[in-house]
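Q: Please take a close look at the part of this structure around the ligand. What surrounds the ligand, and how are the aromatic rings paired?

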Amino acid sequence: MKNSNRRIFLIHSAAITSATLATQVYAAENKMKAAAPGERLSEADSYPKSMGFKLDTKSVDKTRYPRHTTEQYCSRCQLYEGNANEGECSFYGGRIVPSTGWCKNFKLNKSAA
Ligand code: SF4
């Protein structure tokens, strides 16, 4: 194989790999958005896992998320709608998260306690 053909082959392979990964992430995000409200969000599901989701903010990996603090938890997030124990998260299609949870999409609700 000539060098230019090899280069073109490698560029095409990289493009296909990138497109495949992007499609998988997009599919996982859409699956979350399409989830039925009322389902519980799981730490084990691929998309929440990729977002660092934990049921308890105290178990977040400090090495991986150095800006995380234990003052960040779902019931203080703008995307949380629920009571003191659990609520729906609009980021994950209305799935139920515990008030103590956390993911890297946390956005402080300034009016939350
Ligand atoms: S987006 Fe907010 S409410 Fe939803 S899981 Fe992440 S921290 Fe919790």
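**The ligand and its surroundings**

A: The ligand takes up the space that is the largest cavity; a cavity is a set of points, on a 1 Å grid over the protein atoms alone, where a 1.4 Å probe fits but cannot get out. This is a predicted model, in which local features need pLDDT of at least 70 and side-chain atom pairs count only at pLDDT 80 or more, while totals for chains, interfaces and linings use all residues. Residues are numbered from 1 along each chain as its sequence is written, and side-chain values use heavy atoms, with hydrogens and water left out.

Around the ligand (a heavy atom within 4 Å) stand Phe 53, Cys 74, Cys 77, Leu 79, Tyr 80, Cys 89, Tyr 92, Cys 103, Asn 105 and Phe 106. By class, this shell holds 9 nonpolar residues, 1 polar residue and no charged ones; Ala, Val, Leu, Ile, Met, Phe, Trp, Tyr, Cys and Pro count as nonpolar, Asp, Glu, Lys and Arg as charged, and the others, Gly among them, as polar. Cys 89 has 9% relative accessibility and Cys 103 has 10%, so both count as buried (under 20% relative accessible area, with a 1.4 Å probe and protein chains only). The whole structure contains 0 disulfides, that is, pairs of cysteine sulfur atoms within 2.5 Å.

Turning to the rings, the whole structure has 5 aromatic pairs, with ring centres within 6.5 Å. Phe 53 and Tyr 92 belong to a cluster that ring pairs form with Tyr 47 and Phe 91.

Key. Phe/Tyr/Trp six-rings, centres within 6.5 Å; stacked < 30°, edge-to-face > 60°. 1 Å grid on protein atoms, 1.4 Å probe; cavity = no way out; pocket = protein on both sides within 12 Å on 5 of 7 lines; lining within 4 Å. Sits in = over half its atoms within 2 Å of the grid points. Buried < 20%, exposed > 50% of the residue type's maximum accessible area, 1.4 Å probe, protein only.
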